[in-house]
Amino acid sequence: MNSSTLTHLEALEAESIHVMREVVAEFSKPVMLFSIGKDSMAMLRVAQKAFAPGKLPFPLLHVNTTFKFKEMITFRDQIARELGFELIEWINQDGVALGINPFDHGTQRHTHIMKTEALKQALDHYGFDAAFGGARRDEEKSRSKERVFSFRDRFHQWDPKNQRPELWNLYNGRVAKGESIRVFPLSNWTELDVWLYTHVEKIPLVPLYFAKERPVVERNGALIMVDDERLPLLKGEKSRMRKIRFRTLGCYPLTGGVESDADTVPKVIEEMLRSRSSERQGRVIDYDEAGSMEEKKREGYF
Amino acid sequence: MVGGEDARAGERGDELSRLGIERWLERYGKKELLRILTCGSVDDGKSTLIGRLLHDSAGVFEDQLAALKKDTSRFGTTGEDIDYALLMDGLQAEREQGITIDVAYRYFSTPKRKFIVADTPGHEQYTRNMATGASTSDLAIILIDARKGVLPQTRRHAFICSLLGIRHVIVAINKMDLVEYSESVFESIRSDCGEFLAKLAIADVAFTPICARKGENVVFGSDNMPWYKGGPILDRLESAYIASDQNLVDLRLPVQLVLRPNLDYRGFAGTLASGVLRVGDEVAVLPSGRKSRVKSITSGGTECEEAFAPMAIAITLEDEIDASRGDVFVRPNNAPVLDNALDAMVVWMNEAPLTPGRQYLLKTLTLTTPATVVDLRYRMNIETLRSEPAAELGLNAIGRVRLECVRAPAVDAYSVNRKTGAFILIDRLTNATVAAGMVVERATVEEAVEGRRRAHDAATNVRVPRIDRSRVFGQVPFVVWLTGLPRSGKSTIAERLEKELFAAGKRVIVLDGESLRRGVSSDLGFSTADRAEQGRRTAELARMLSDQGLIVVVATVSPTAAIRERAREIVTSERFVEVFCDAPLAVCEARDTDRLFARARAGEIANVTGVDQPFEAPTAPAARLATTKQDVTEHMKALFTVFAARGFVVR
Ligand SMILES: Nc1nc2c(ncn2[C@@H]2O[C@H](COP(=O)(O)OP(=O)(O)O)[C@@H](O)[C@H]2O)c(=O)[nH]1
């Protein structure tokens, strides 16, 4: 009888299901932020399990910066059709009107306006009081202290000094009017856990995660894919076909690929085990000073 | 540096090449999860230790290491060496002050286990943060600086670990390099710790001498301490036996949500706090007491026959009964105390102090109810570990309170159930989480009996008035269950226990397996089925007698874990004290005065435990008595310590 023990993936999944159900029980208008990446897909699978045999009791929100990889958008729409969940796409129209792009305005401003601001607009517009995000504590140092229920004030600000202690699996979901929480059900998962789960659960992913010949240019040591004609080629730059895959997905001009032969989930896992390079390396956004992610988080970026 | 720091990473690579990825995934994709808390004072080397664990087991990625080298030159305190402590810090402001002030979670894994490390700081908010980290941890590593030895904070850390119910502790004696790797220093610290750790009733304690800075006895061994044979910390982390820490006896399924996707399906979704549930089982829902049977169980959308804690499941029932968020499914004969009043230890976590008379929101399992602090019994002085009278509890204070809840929560004692005995208090105005609480056993007989009766009534929907004999007896009833091989000393212990309890003015009765077999169970033999029935009858008797306020001492072989679990279920965990009379078979055979073993060996009789029937030793008894030595007085001491810790009898 005492042989009843869960594997670590089962334990993580159970914990995440518990978190999601708590949120649905205690909040009036939750939403799931859906970035189309592998973490979002894992989170989506957990959510389906949490509320089976019913449908998801909340919509999915995709904040589109207009610079996402084309394949991401195709995949998003296909998944939404197949699984039949409610998908909300939000684009910061002010940003579009101003023609905001990462090339002329810099990555920081682009991200701030098209992602951080856009997200706040969407949350305010719909009046969501809880937003699920797929972030994990192992991604980056400043996240290691993040709560599962991360409290935000009326202005979506995160105050690192004023977070609630979290004990056992007893989450305090009480908020005043206008305040909200960001919820991270996958807090305790690592990158490897997400991949293992993807493998075990046979979760479909955007093909960009798998190695394929793709047109790329090399910039500051990062391999940037030429996904459309908007990418301005610098002097002397020429797009070349190289076999690459992406460890993380975002705006294509800000996301570096890695050379790879891994074209299946097990092969990706194998490469990951053999290499010792963490996933955020591919994210141009993190290459600022140490602590920069934390500043962005204070402003309301995830 | 101890040779080959990439050895583990290399091992993993080799294993991968040998097995191929598909088989590797099959084998290592299913690890166990172990949650660890690290505690130590400032500068004990805690962060360095965790940094080492992560790095040497190859959990640190290369680009993080590059960033670390950059950080070391900015903030580091180690000069040229990489400062592994910097891996642990998170928030910029803290880093600039050179301190950590919150709980940070870290992850690493080996082929055997995935580890979640809760790193808590050694000063200032230590109590609050340690309690937070400890609440979810299975095991704690307590750091001691070899040069300083046991300090008041060492006791404090150990106390908080035991208060929060951690059952496994590794005491890591660090900076051994600074005391010339001296065995005698290690030994003297070990014996200093031994004393107070024994009082705290932490079941599993191990001591390891380490040098975190150089990674000695952390992931790899150490050539400098050949006298130490216990293995590095990682080995202990990989082998700590935690499977029995999960309470699989008392069924508690709190309703989180009612799922009603269509008219045909009405599922109660929740995370099993404890216990095992099977399709067809009879369940009662608290507080209404309505009963039904489990029709289906789904886990992650897939139907299954059986579920156990901590699975997140949804169940449907045979009958249409009402249950909603905050209610709890239990077994009809094993229900928790349902009472508006509850006694608890609380750790206060807010600047605004706890003051008696104030109302808060109490959240336990899925129930949130207003609750008033009606009494502050005492504050724990955590320097001296003594209780003292107090008018309020300030930030980081620990005290014992009584709460009066608007809705009676279905709680158990925290010592029996870490899930259903835990709660948080929330400030009604600021919504801040102000306290962590742990339910303690009822202090007096009246309360115990009263609470039990209400729970019993609620679960069975019968209201039979009962004469409260125990009120007259003035004692808390409980059941001591002595298990062990034949001739292991159970009867001797039972007899002596009866004498001592009687001398202390207690009403006590002994149920001896052999005498029961002459009467109550004269129809039973020694087959597996008959032994199970014998166990059941004994347990039912024990329960009836203890219901009447008596202390019951049971002495019976009860050779299998299943028999003893069933007994625990019948008697209820709260009252059940499992005691293992642990004597090797050879010793028992040597005491074979009535030739029981001799005849079994000669084939004259069958089904003798130890000879042709197995004895499954209990994995986590409340007490283990080494009954090979003739020191019954020592055994009595040990038992009375356990009784006192559970709040039963104080001599
Ligand atoms: N040396 C030694 N003998 C013991 C101890 N406990 C019990 N005995 C002896 O072992 C024998 C068997 O004990 P008993 O209580 O009859 O065993 P049971 O029938 O299996 O419960 C008796 O002679 C006891 O005196 C102990 O701790 N040390």
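These notebook entries record what I looked up in a predicted model, beginning with the ligand.

**Ground rules.** I note that residues are numbered from 1 along each chain as its sequence is written, and that chains are lettered from A and ligands numbered from 1 in the order in which they are written. Because the model is predicted, local features need pLDDT of at least 70 and side-chain atom pairs count only at pLDDT 80 or more, while totals for chains, interfaces and linings use all residues, and side-chain values use heavy atoms, with hydrogens and water left out.

**Entry 1, the ligand.** I looked up the residues near the ligand (a residue is near if one of its heavy atoms lies within 4 Å of it), and of the 14 residues around it, the nearest are Arg487(B), Lys490(B), Ser491(B), Thr492(B) and Lys629(B). By class, this shell holds two nonpolar, eight polar and four charged residues, where Ala, Val, Leu, Ile, Met, Phe, Trp, Tyr, Cys and Pro count as nonpolar, Asp, Glu, Lys and Arg as charged, and the others, Gly among them, as polar. Helix H12 (residues 490-503) of chain B gives the largest share of the shell, three residues; helices (H or I, at least four residues) and strands (E, at least two) are DSSP runs, numbered from the N terminus.

I then went through single atom pairs. An oxygen atom of the ligand lies 2.5 Å from an N or O atom in the side chain of Thr492(B), and an oxygen atom of the ligand is 3.0 Å from a polar backbone atom of Ser488(B). A nitrogen atom of the ligand is 3.0 Å from a polar side-chain atom of Arg591(B). On its own the ligand has 580 Å² of accessible area, and the protein covers 76% of it (areas come from the Shrake-Rupley method with a 1.4 Å probe).

**Entry 2, strands in chain A.** I followed strand S7 (residues 212-219) of chain A, which runs antiparallel to strand S9 (residues 240-245) of chain A and is joined to it by five bridges; two strands pair if DSSP finds at least two bridges between them. Glu213(A) has Lys243(A) as its bridge partner in S9(A). S7(A) also pairs in the antiparallel sense with strand S8 (residues 222-225) of chain A, over four bridges, and there Val216(A) stands opposite Met225(A). S7(A) and S8(A) form a hairpin with two residues between them, and Asn220(A) in the turn has a positive phi of about 45°. I marked this value because most residues other than glycine have a negative phi, and most peptide bonds are trans.

I found a cis peptide bond joining Leu286(B) and Pro287(B), with omega of about 10°, and Pro287(B) sits in the loop between strand S11 (282-286) and strand S12 (291-299) of chain B. The bond from Ala309(B) to Pro310(B) is also cis, with omega near 5°, and Pro310(B) is in the loop between strand S14 (306-308) and strand S15 (312-317) of chain B.

Which residues lie nearest the centre of the largest cavity? They are Arg35(B), Thr136(B), Asp138(B), Pro310(B) and Lys419(B), out of 45 lining residues. H1(A) gives the largest share of this lining, five residues, and by class the lining has 21 nonpolar, 14 polar and 10 charged residues. A cavity is, on a 1 Å grid over the protein atoms alone, a set of points where a 1.4 Å probe fits but cannot get out, and lining residues have an atom within 4 Å of a point.

Notes. A polar contact is a pair of N or O atoms within 3.5 Å; within protein, one must be able to donate a hydrogen and the other to accept it, and residues adjacent in sequence count only if both atoms are side-chain atoms. On a 1 Å grid over the protein atoms alone, a cavity is a set of points where a 1.4 Å probe fits but cannot get out, and a pocket is an open set with protein on both sides within 12 Å along at least five of seven lines; lining residues have an atom within 4 Å of a point.
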